[in-house]
Amino acid sequence: RQSEERTRGIVRIGIGLHWGPVVLGDIGGDHRLEFATLGDTVNVASRLEHVTRDLNADIVASADLIEAVRASVPDEEAERLLRGFPAPIHCGIRGRTTPMEVFARPRSAGTIRDA
């Protein structure tokens, strides 16, 4: 029983969210077809997902996404949706020459630190 308890670990996920244009569609041929999303927006979201580890956050959202939420719903709804995200921080993102402004929702068991 002890060895079974040791193999059970805490599963943590990280989610990177970004807002912008993407190209989506089917890629492949007659024998293999896959649905894919491509573009800089997808790449940034993927890199923000990796940043969740450095920031000890479960979700990292770009300022572009936060602005899109605030622009698309009433103020009260935006505040409710964004409640868990503290003030923005500047974070280095692989492939970017300047830091990006991001909002990171901290994991319940830790704190956020600048990356």
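Reader: How many residues sit between β2 and β3 in their hairpin?

Author: Four residues lie between β2 and β3. Some ground rules: this is a predicted model, where local features need pLDDT of at least 70, side-chain atom pairs count only at pLDDT 80 or more, and totals for chains, interfaces and linings use all residues. Residues are numbered from 1 along each chain as its sequence is written, and side-chain values use heavy atoms, with hydrogens and water left out.

Reader: And in which sense do β2 and β3 pair?

Author: Strands of a sheet pair through backbone hydrogen bonds, either parallel or antiparallel. Here β2 (residues 23–28) and β3 (residues 33–38) are antiparallel, with six bridges; pairing takes at least two bridges in DSSP. Leu24 faces Thr37 of β3. Strands are DSSP E runs of at least two residues, helices H or I runs of at least four, numbered from the N terminus.

Reader: What is the strand order in the open sheet?

Author: β1-β4-β6-β5, four strands with mixed pairing. β1 (15–17) and β5 (89–91) are the edges, each pairing on one side only. Neighbouring strands are turned by 35 degrees on average, direction ignored; axes are lines fitted to C-alpha atoms, for helices over the stretch in contact, and angles run from 0 to 180 degrees between N-to-C directions.

Reader: Which strands does α2 touch?

Author: Helix α2 (residues 40–55) packs on the sheet against β1, β4, β5 and β6 (100–106), at about 140 degrees to β4. Contact means heavy atoms within 4.5 Å. Helix α3 (residues 63–72) lies across β1, β4 and β6, at about 75 degrees to β4.

Reader: How many bridges join β1 to β4?

Author: Three, and β1 and β4 (residues 57–62) run parallel. Gly16 is opposite Val60 in β4.
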